[in-house]
Amino acid sequence: MFEKLKPLSVRATLAACVMAAGVGGVNAGETKVGLLLPYVGVYAALGNEIDAGFTLALEESGMAGDFVIVREDTEVKPPVGLAKARKLVLEDEVDVIVGIVSSGVLGAVRDFVDGAQVPLIVANAGNNDATGSRCSKYVARVSFSNAQINRPMGQWLYDSGVRTAYTMASDYAAGHQTMAAFSEAFIAAGGEIVGAEFTPFGKTKDFGPYLSKASAAKPDAIYVFYAGGEAISFVKQYASLGIKGDIPLYGSGFLTSPLYVAAEGPAAEGVVTGAHYAPTLDIPENNAFKAAFIAKTGKAPSEFAVQGYDAGRVLVEAVKSGASGREAIATAMSKVAYTGPRGALSIDPATNNVVQNIYVYETVAGDNGLTQKLIGQIDNVADAVNGCQF
Ligand code: BEZ
């Protein structure tokens, strides 16, 4: 998939004056971007939403004509993601890769981009290692790390009176890292994990047997990581099996993402989650972003839209600062800091992971369907260095 973003008229005139075609088939002064996202599979909706946010950021900057976009589909499969990253770098000769939704795909791609010295702006995948023990000066993340969201939630649940928890998650890197961070913090606070289950990733249609086991353990709360289609199925089955009335459900925000909470329906009401963004965040930067995203897509944005938007904005800021080419973009992308839709955002120079607030919200019924009621905020959450050395 190859697309040159439509330039503004002034940019078009300038671009027409550029005679020489440079490396990778782009004109001098243009930046070639590989947008590496899932467009099919269990995270397809997430990929499309990130793409929409990213495109909005470039359009808003007035510099859309300075970027050439090549889209590739990871299919949420690590070997496919790696093959597509290799194609973007070796055949398309992109200056920078943006995207990646799955922690598994990021784990597969990290060594390749590091070795090829191609900057990667991670727009979702939370794999802790990519900004910890396997950090790279070529990898910066504007989304979150799996620990960053769930470690504070361990303490938050305990402080809210929860003493015993049962954990459930998709059986791959993101699920394991999420539950490790939550459980460690919850136990350190004084809580007890009374059971844990990992369900086959992308394959589990019937959560009934797992939910029955969780219910039988009689915990104060169930804490989970599910996203995309799995989140919709899980929340609906939690309610239809009658567990909703007995045991409260908590998790990372992807469980009740505004992207698909309408598909979960009343089953999602009362679920409490932690995330780095909620559309109900009432700050001028978010209100402006929401209006622009609604004008572009006809719907309110989710955390995935914001991640795509901020990935685009980090890239634009880097190019605006004069960065051109792989090495310069890698250096500049780590220095970006601003207040955006989610509040203050900066890239931690010690890890290249984003530093940001974590918000706790309850999904409640509103005038126009389900909405997010903010009930907690943990400011400026940064990860420990976790062995990162550049
Ligand atoms: C991950 O694999 O890191 C991930 C996927 C979807 C939502 C959140 C995290």
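A polar contact is a pair of N or O atoms within 3.5 Å; within protein, one of the two must be able to donate a hydrogen and the other to accept it, and residues adjacent in sequence count only if both atoms are side-chain atoms. By this definition, 8 residue pairs (both at pLDDT 80 or more) are in polar contact between domain 1 and domain 2.

The model is predicted, so local features need pLDDT of at least 70 and side-chain atom pairs count only at pLDDT 80 or more, while totals for chains, interfaces and linings use all residues. Residues are numbered from 1 along each chain as its sequence is written, and side-chain values use heavy atoms, with hydrogens and water left out.

To begin with the overall picture, the protein has 12 helices and 15 strands, which are DSSP runs numbered from the N terminus (helices: H or I, at least four residues; strands: E, at least two). The C-alpha atoms fill a box of roughly 70 × 45 × 35 Å along the principal axes.

An automatic or database domain assignment divides the protein into domain 1 (8–144 + 283–356) and domain 2 (147–275). Their centres, taken over C-alpha atoms, are separated by 29 Å. Where the two touch (heavy atoms within 4.5 Å), domain 1 supplies 23 residues and domain 2 supplies 19.

How much area do domain 1 and domain 2 bury between them? The answer is about 1,500 Å², with 60% of it on carbon and sulfur atoms; buried area here is the accessible area (1.4 Å probe) that two parts lose on being put together, summed over both. On the domain 1 side, Val 42, Tyr 43 and Asn 128 lose the most area to domain 2, together 33% of what that side buries.

Salt bridges (a side-chain nitrogen of Lys or Arg within 4 Å of a carboxyl oxygen of Asp or Glu) number 0 between domain 1 and domain 2, whereas the whole structure holds 15. One of them joins the side chains of Arg 71 and Asp 51, at 2.7 Å from N to O. Because Arg 71 lies in strand S3 (residues 67–73) and Asp 51 in helix H2, this pair ties together parts 20 residues apart in sequence.
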